[in-house]
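Let's take a friendly walk through this model, from its cores to its rings. Please have the sequence and the 3D view open as you read.

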Amino acid sequence: MAINSTKIILGQGTNPHFNLALEEHLLDTLKEDECIFYLWQNQHTVVIGKNQNAWRECRTELLEQEGGTLARRSSGGGAVYHDLGNLCFTFITPKADYDLTRQLGVVLNAINSFGLKAYFSGRNDLLLEGCKFSGNAFLQRTNSSLHHGTLLLDVDMPNLSKYLQVSAEKMKAKGVESVRSRVTNLKEHIPGLTLDSMKNALIESFSEEYLTPDILKPSDLDEKIIDTYYQRYSSWEWLYGKTPKFDINLDTRFVWGGIEMGLSLDQGKVTNCHVFSDAMDQAFIENIAPALIGCTFESKALSENIIKIECADDTKDKKQELANWMSKKEF
């Protein structure tokens with residue numbers, strides 16, 4: 001069905017748990033012919049992907065001591081630092097109308113309207129002169145889809161490095177020495193750039209690509225319903241979860257993301273499993289642990305159970321890579 005209605009939601013507060021709650025509320029209440037564009041900001045926050053280990057990805061104690069907030073989003077991917085020098089954007093569309101090229105085109109056209117030549121690269125990055133200024137992540141539901149990302153306008157780079165704990169393997173895979181060496185603020189390339197001028201450019205670009213939108217504020221939505229989502233996004237269980245001590249810990253990194261597995265064993269069988277990852281395909285990652293519980297703790301058996309995981313066609317190569325890696329482990 002074609003898109004016949006569009007909305008732009010302009011965030012007002014900077015609480016990441018509320019902003020992510022509002023985002024999921026929009027996803028769950030999307031109409032079948034509607035497209036929503038949501039612009040929002042978080043203050044002094046580290047946001048981790050749905051399947052990441054909070055303690056491994058973020059210096060959580062330091063962040064808390066210095067008045068920061070940890071948040072976990074519903075999509076996959078890696079950890080990012082947000083402050084008021086960062087602008088977040090979200091596209092929410094019916095699944096049939098999801099078009100990453102079109103959505104990224106809205107953002108790139110807005111950026112390039114300032115005279116730049118930004119472009120999409122890799123699995124989820126927007127670059128300018130070889131440096132990243134935007135990371136993107138994605139979530140697919142049965143009938144709706146979400147694509148959200150960041151725009152580094154004037155982020156405090158020392159804080160970005162201070163709170164994120166990026167593994168040496170990840171840096172090596174990206175061919176860089178540090179987080180800061182591969183990112184850039186748009187303000188360095190656009191003298192006089194302001195938050196409002198970027199918002200206006202994005203709104204204009206969205207309106208040109210889609211229909212003229214209705215522009216709303218969070219207060220125009222049902223805040224009581226949003227609060228039910230907020231309770232989950234701000235809960236200890238959602239942010240940290242239970243991370244028991246495991247008998248075996250395995251980890252590796254592929255081009256498509258890192259994998260960290262914790263396995264508990266009893267009489268040669270896997271009794272508990274938790275999988276952490278910054279992979280973009282969060283649904284595949286979530287299906288790994290259930291596939292391994294009850295399996296004999298042997299590399300061949302574990303590999304065979306991974307192969308049996310049902311997944312989308314574009315995930316099958318990743319599944320095969322993971323199974324091949326597991327089959328070569330020596331226990």
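## Ground rules

Helices (H or I, at least four residues) and strands (E, at least two) are DSSP runs, numbered from the N terminus. This is a predicted model, where local features need pLDDT of at least 70 and side-chain atom pairs count only at pLDDT 80 or more, while totals for chains, interfaces and linings use all residues. Residues are numbered from 1 along each chain as its sequence is written, and side-chain values use heavy atoms, with hydrogens and water left out.

## Two loop residues with positive phi

Most residues other than glycine have a negative phi. Gln267, in the loop between strand E13 (257-266) and strand E14 (269-277), has a positive phi near 50 degrees without being a glycine. His44 is not a glycine either, and its phi is positive at about 50 degrees; this residue lies in the loop between strand E2 (34-40) and strand E3 (45-48).

Gln267 counts as exposed because its relative accessibility is 77%. His44 is buried, with a relative accessible area of 13%.

## The nonpolar cores

A nonpolar core is a set of buried Ala, Val, Leu, Ile, Met, Phe, Trp, Tyr and Cys residues joined through side-chain atoms within 4.5 Å. The largest one has 38 residues, and Leu22, Leu26, Val46, Leu70 and Ile92 touch the most other members. Helix H1 (residues 16-28) gives the most to this core, with five residues. Apart from it lies another core, of 30 residues, including Ile8, Val107, Leu108 and Ala118.

What does Leu70 touch? Contact means heavy atoms within 4.5 Å. Leaving out residues up to four places away in sequence, Leu70 touches His17, Val46, Ile48, Ala54, Cys58, Thr60, Leu63, Leu239 and Tyr240.

## Helix H4 and its surroundings

Helix H4 (residues 100-112) has 13 residues and reaches 18 Å from its first C-alpha to its last, close to the 18 Å expected at 1.5 Å a residue; the expected span is 1.5 Å times one less than the number of residues.

The buried residues of H4 are Gln103, Leu104, Val106, Val107, Leu108, Ala110 and Ile111. Among the elements covering them are strand E6 (86-94), strand E9 (131-140) and helix H7 (195-209). Strand E10 also belongs to this cover, and Thr150 has its place in E10 (residues 144-152). Thr150 is buried, with a relative accessible area of 10%. Beyond its neighbours within four places in sequence, Thr150 is in contact with His82, Asn86, Leu87, Phe89, Phe133, Ser134 and Gly135.

## Aromatic rings

Rings of Phe, Tyr and Trp (its six-membered ring) pair if their centres lie within 6.5 Å; planes under 30 degrees apart count as stacked, over 60 as edge-to-face and the rest as tilted. The structure holds 15 aromatic pairs. One of them, Tyr38 with Trp40, is stacked, at 5.4 Å centre to centre and 15 degrees between the planes. Tyr38 is buried at 0% relative accessibility, and Trp40 is buried at 4%.

Phe37, Phe89, Phe91, Phe206 and Tyr210 are linked by ring pairs into a cluster. Arg102 lies over the face of Tyr210, at 4.0 Å from the ring centre; a charge sits over a ring if NZ of Lys or CZ of Arg is within 6 Å of the ring centre and within 35 degrees of the ring normal.

Conventions: Buried < 20%, exposed > 50% of the residue type's maximum accessible area, 1.4 Å probe, protein only.
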